[in-house]
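Reader: Please take me through the helices of this model, one question at a time.

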Amino acid sequence: MRGTYFEKMKGSTQSPPRVSLAEMAWSWIGAFLGIGFISFMNYHVFEKIDVLMIVGSFGASAVLIYGAIKSPLAQPRNLVGGHVFSALIGVASQLLFHSHLWLAAGIAVATAIAVMHATRTLHPPGGATALIAVIGGEKIHDLGFMYALFPVGGGVLIMLIIALLVNNIPKSRRYPEFWI
Amino acid sequence: MATDKQKNVGVSIDISDNDMYAALKDIPGYLDITPGDLKEVFRSAYRHATERIASSVRAEEIMTTAVHTVMDDTLLKDVAELMAEKGISGLPVIDQSGRVIGIISEKDFLSAMGEKEHSSVMRIITECLYGKGCRAAPMRQKTARDMMTSPAITIPPDLPIFQIMELFSSEGINRAPVVDRNGVLAGIISRADIIRASVIKP
């Protein structure tokens, strides 16, 4: 029994192949436009009215929706659902357990994963979105549940629109695989 | 012996991680699955497909309907002549109402002619060469009823091909008549019919 337990840690197969240069280039272009656009809006439009538009987990989403566009984890249902559900759970966890931040953080991420699984919206950056709701500081805490709508919901929708526009340009790419 | 047979049936296409790696390379873009998992998916899907095909094809779809038959009172010399003329190794024996009452095959002739129970062509030739005479002579006046294997193993028209294969394997038979609910002959299935139907078209 113990033999097989450690045996499993060796791994059993190999890493998937490297993608083509064109794939790398289109991933770069998509991510640059998506994150660039949101950041521009954040720094040059919304910062002036003291509104936050970008959260760190968007960088992780960019990997998926511009770099691994066939992945089930990168589809619109997962992108939007995963972020919004996780944001709500993160905020709720922060409100309930803010006296013990370590507990609030653990519960936020763990529950976000379970809920994303249950709703078939698993999107890894959602875990970061839930965590940021707890560890993000005053500015995030002050938003309350609005955090799920803006910056999270709104920002994600803009990233999605850019993914739809960019990912369907090359012949070899197609996005999404499915909507809901 | 039975286990050997099972082993042969179990031989499937051996697909490797490298085949899956090559398949992943054929598809542009990044697929977040390892070659190992893809192989598992492929094997599982292949098994589902073969099971689905095996259970969806039924006896009546693959059987031969133009069946040569003999009546229970047909003389054995006529039975032998018909089998020789048509180049068949076995046929169903039916009664007046078309019901299958038995099956008669080369094997039945061989065991009737040989001294030992499991006779073969070579055994009969051996016995002839030792000058024991024509062992078929005593059966001149006999009829199909005297030699047939009865009752015959029959197949209902809706039996899935998968179960027909199991039946052939477990009973060690090469053909079986397909009969309707009343036992009336509808067709016959031989191993050749199964092989023809088992080829999965890509």
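**Helix packing in chain A**

Reader: Is the crossing of α4(A) and α6(A) left-handed or right-handed?
Author: In this predicted model, local features need pLDDT of at least 70, side-chain atom pairs count only at pLDDT 80 or more, and totals for chains, interfaces and linings use all residues. Residues are numbered from 1 along each chain as its sequence is written, while chains are lettered from A and ligands numbered from 1 in the order in which they are written. Helices are DSSP runs (H or I, at least four residues), numbered from the N terminus. With the near helix turned clockwise from the far one by less than a right angle, the crossing of α4(A) and α6(A) is right-handed.

Reader: How are α4(A) and α6(A) oriented to each other?
Author: The axes of α4(A), residues 76–97, and α6(A), residues 125–135, come within 7 Å and cross at roughly 25 degrees. Angles under 35 degrees count as roughly parallel. The two helices, α4(A) and α6(A), are therefore roughly parallel.

Reader: How far apart are the end C-alpha atoms of helix α5 of chain A?
Author: Helix α5(A) holds 18 residues, 101–118, and at 1.5 Å a residue should span 26 Å. The expected span is 1.5 Å times one less than the number of residues. In agreement with this, the end C-alpha atoms of α5(A) are 25 Å apart.

Reader: Which residues of α5(A) are buried?
Author: Buried means 20 or more other C-beta atoms within 10 Å of the residue's own. Helices α4 and α6 of chain A are among what covers these positions of α5(A). The buried residues are A:A104, A:A105, A:I107, A:A108, A:V109, A:A112 and A:M116.

Definitions and conventions. Axes fitted to C-alpha atoms, helices over the stretch in contact; angles between N-to-C directions. Parallel < 35°, antiparallel > 145°, perpendicular 65-115°, else oblique. Buried ≥ 20, exposed ≤ 12 C-beta atoms within 10 Å, placed from the backbone. Contact = placed C-beta atoms within 7 Å.
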